[in-house]
Amino acid sequence: MNTSQLVINDQEFHLIRTLVSQRFGINLTDQKRSLVVGRLQKLLKDQGFTSFKDYYQAVVRDNSGAALDKLINRISTNYTYFNREQAHFDFFVHSVLPPLTSHLRSCNKQDLRIWSAGCSSGEEPYMLAMLMMDYLGEEYGGWSAGVLATDISDQALSRARLGLYDEEKIGRLAGPLRTRYFQRQTDGNWQAKEQLKSQVTFRRFNLMNRHFPFKRPLQVIFCRNVMIYFDAPTRDALVQRYHQSLEPGGYLFLGHSETLGREQSAFKYIMPAVYRRQ
Ligand SMILES: C[S@@+](CC[C@H](N)C(=O)[O-])C[C@H]1O[C@@H](n2cnc3c(N)ncnc32)[C@H](O)[C@@H]1O
């Protein structure tokens, strides 16, 4: 077995960085160079490539897109956990759902349209679905609700659809939610019950797509800890598309390091990393 470290030269790094930026918006800065080597090394070796240039050429030549899928599975950072930035979930339950659902009831449109964009392995959309189900209780069945959850990584989406989490991952989830919506397995892992899984629709979707395929505007978008990997023009263009996809008064939740600048006046600041469409 060849255990030697592959080396990436400036030109090769530039090619891969440009490809990843153009296709996925992810900005691989110079500081990410060793991360790129670390994440792609095994893939190259398994496929018999001895240089990043040969690998790059094979990826761009592959019209099926499969090689690009493998690349993004390796390059994307899928780190996430239940209850991440808990203040957002508290705000969702206590300040978003009550006025939104009572307004919808009053106009007889019991229809909630929530999107987790960059959902990774499912912790965020499952959180949102559990909170909605808990909040609406027995009334939930009469609503058209649920969460649309999208990501670019099909590997992350497969984990999300399986909904299987180990003790350490599930440990961040409050006991009552855990026992109500997850089933403990004999090996100690926990799996989302069908009742929960059926409320989250997982789809592969690239946030770089110019067109967002929504027939009706959304009320809430969670896109947290995704745009930190994008450069400023890509972030601004995406925020613009979120604005077009939200109904007036709809909420945009970002990660804590992804605040909108003052120039984004189409959104009103509500609390750290939470904005409302004007
Ligand atoms: C760090 S995770 C964030 C997960 C979750 N939102 C959270 O805050 O914990 C970032 C996710 O964004 C996804 N992502 C990155 N670029 C994307 C793109 N262009 N389109 C869709 N998803 C993308 C990655 O695959 C990854 O799963």
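In the predicted model, the ligand is surrounded by 21 residues, of which Phe-24, Thr-80, Arg-84, Asp-151 and Asn-225 are the closest. For Thr-80, an N or O atom of the side chain is found 2.5 Å from an oxygen atom of the ligand. An oxygen atom of the ligand also lies 2.9 Å from a polar side-chain atom of Asn-78, while a nitrogen atom of the ligand is 3.0 Å from a polar side-chain atom of Asn-206. The ligand taken alone exposes 610 Å², and 99% of this area is buried by the protein.

The domain assignment of the protein gives two parts, domain 1 (10-75) and domain 2 (86-277). Their C-alpha centres are 30 Å apart. The contact between the domains is formed by 8 residues from domain 1 and 11 residues from domain 2.

The interior was examined next. In soluble globular proteins, nonpolar side chains tend to be buried together. The largest nonpolar core of the model contains 46 residues. Within this core, the members that touch the most others are Ile-16, Leu-40, Tyr-55, Leu-71, Trp-115, Leu-207 and Tyr-242. Two or more residues are contributed by each of several elements, including helix H1 (10-24), helix H2 (33-46), helix H3 (52-61) and helix H4 (66-75). Strand E1 (114-117), strand E7 (218-223), helix H11 (232-245) and strand E8 (246-254) likewise give two or more residues each. The core draws on both domains, with at least three residues from domain 1 (10-75) and at least three from domain 2 (86-277).

The surroundings of Ile-16 illustrate the packing in the largest core. When residues up to four places away in sequence are left out, Ile-16 touches Ile-8, Val-36, Leu-40, Phe-52, Tyr-55 and Tyr-56. Two of these partners, Leu-40 and Tyr-55, are themselves listed with Ile-16 among the members that touch the most others.

Gln-219 is located in strand E7. Gln-219 counts as buried because its relative accessibility is 3%, which is under the 20% cut-off. The side chain of Gln-219 comes within reach of the backbone oxygen of Asp-111, at 2.9 Å. Beyond residues up to four places away in sequence, Gln-219 touches Leu-100, Leu-104, Asp-111, Leu-112, Arg-113, Leu-246, Glu-247, Gly-250 and Tyr-251.

How values were computed:
Residues numbered from 1 in each chain as written. Predicted model: local features only at pLDDT ≥ 70, side-chain atom pairs only at ≥ 80, totals over all residues. Heavy atoms only, no water. Core = buried A, V, L, I, M, F, W, Y, C linked by side-chain atoms within 4.5 Å. Buried < 20%, exposed > 50% of the residue type's maximum accessible area, 1.4 Å probe, protein only. Helix = DSSP H or I, 4+ residues; strand = E, 2+ residues; numbered from the N terminus. Domains from an automatic or database assignment. Contact = heavy atoms within 4.5 Å. Near = heavy atom within 4 Å. Polar contact = N/O pair within 3.5 Å; in protein donor to acceptor, adjacent residues only side chain to side chain. Areas by Shrake-Rupley, 256 points an atom, 1.4 Å probe, with all protein chains shown as cover.
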